[in-house]
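Colleague: Could you take a close look at a single part of this protein for me, and describe how that part sits among its neighbours?

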Amino acid sequence: MITYKRVIQNPLGLHAAYVAEIAAWAKLSSSSIYLRKPGRKTANAKDVVALLGLMVKAGEELEILIDGDDEIEEMKHMAALMDRLDLV
């Protein structure tokens, strides 16, 4: 398992369009992918409602956990996706 932490820069935080893109990408992966906000439960990245339930705001830290045979590649893809989404 690999863990990656980042601060969400998007002014709207993890809003519906943001999490929809994460979930759509995660569903294509064979790895298990989870997002966790400190002090809250962990959400399956393939579940839009679970991701929205984290209620992550701009400036808050988020942990991304990936477990699978291709976890390093998947982490690179997730980081690039979140970099792009943080700019929108």
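Modeller: I would take strand S4, residues 61-67, which is mostly covered, with five of its seven residues buried; please bear in mind throughout that this is a predicted model. Two other strands pair with S4. Strand S1, residues 2-7, runs antiparallel to S4 and is joined to it over six bridges, and within that pairing Tyr4 stands opposite Ile64 of S4. Strand S2, residues 32-36, is also antiparallel to S4, here through five bridges, with Ile33 placed opposite Ile66 of S4.

The buried residues of H3 are Glu71, Glu74, Met75, Met78, Ala79, Leu81, Met82, Leu85 and Asp86. In an α-helix, residues three or four places apart point the same way, because there are 3.6 residues a turn. H3 itself covers residues 71-87, and its 17 residues reach 24 Å from the first C-alpha to the last, close to the 24 Å expected at 1.5 Å a residue.

As for the setting, the protein has three helices and four strands, arranged from the N terminus as β-α-β-β-α-β-α. Of its 88 residues, 40% count as buried, and among contacts between residues at least 6 apart in sequence, 66% join residues at least 24 apart. The radius of gyration is 12 Å, which agrees with the value near 12 Å for a compact globule of 88 residues.

Notes:
Residues are numbered from 1 along each chain as its sequence is written. This is a predicted model: local features need pLDDT of at least 70, side-chain atom pairs count only at pLDDT 80 or more; totals for chains, interfaces and linings use all residues. Side-chain values use heavy atoms; hydrogens and water are left out. Buried means under 20% relative accessible area, exposed over 50%, partly exposed in between (1.4 Å probe, protein chains only). Two strands pair if DSSP finds at least two bridges between them. The expected span of a helix is 1.5 Å times one less than its number of residues. The radius of gyration is taken over C-alpha atoms; the globule rule is 2.2 Å times the number of residues to the power 0.38. Contact means heavy atoms within 4.5 Å.
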